[in-house]
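Please read it with the coordinates open.

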Amino acid sequence: LSGFFGRVIAGDELPEKKPHPLPIHSICESLGVAERDAVLVGDSINDIQAARAAGMPVICVSYGYNHGRDIRLAAPDAVIDALAELEQLIDTDR
């Protein structure tokens, strides 16, 4: 899978973990991308909190690791039921 990602950060690689924004800042810095020009795709409230703290938009999948709670209650920017729906939400011509 590493060929699909420019950088991967493991949970214990940095001194802070989500929902702290440090992992997001670190990824964006290493890729040369501003947080406002990227999007976090996640499945939990920790993802939403980290994205908000970093000033990044966040799209969540309707399934995944959120302790059985509907992710929509945490107010992400969008919710999708399948990753195939991402293309419709992300403007790649910017």
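**Notes on the predicted model**

1. Leaving aside residues up to four places away in sequence, Ser44 touches Tyr65, Asn66 and Ile71. The model is a predicted one, and Ser44 lies in its loop between β1 and α2. Ser44 has a relative accessible area of 8%, and because burial is set at under 20%, Ser44 counts as buried.

2. The sheet is open and has 3 strands, which follow the order β1-β2-β3 with parallel pairing. Its edge strands, each of which pairs on one side only, are β1, spanning 40-42, and β3, spanning 78-80. From one strand to the next, the twist averages 25 degrees.

3. Strand β2, made up of residues 58-61, runs parallel to β3 and is joined to β3 by 3 bridges. Across this pairing, Ile59 of the model stands opposite Ala78 in β3. Helix α2, covering residues 45-54, packs on the sheet and touches both β1 and β2, while the direction of α2 makes about 175 degrees with that of β2.

4. Which residues of helix α1 are buried? In this helix, formed by residues 22-31, they are Pro23, Ile24, Ser26 and Cys28. The elements that cover these buried residues of α1 include β1 and α2, and α2 is also the helix that packs on the sheet.

5. After α1 comes Gly32, which has a positive phi, near 70 degrees. A reader checking backbone torsions may wish to look at this position.

Key. Residues numbered from 1 in each chain as written. Predicted model: local features only at pLDDT ≥ 70, side-chain atom pairs only at ≥ 80, totals over all residues. Heavy atoms only, no water. Pairing = 2+ DSSP bridges. Helix = DSSP H or I, 4+ residues; strand = E, 2+ residues; numbered from the N terminus. Axes fitted to C-alpha atoms, helices over the stretch in contact; angles between N-to-C directions. Contact = heavy atoms within 4.5 Å. Buried < 20%, exposed > 50% of the residue type's maximum accessible area, 1.4 Å probe, protein only.
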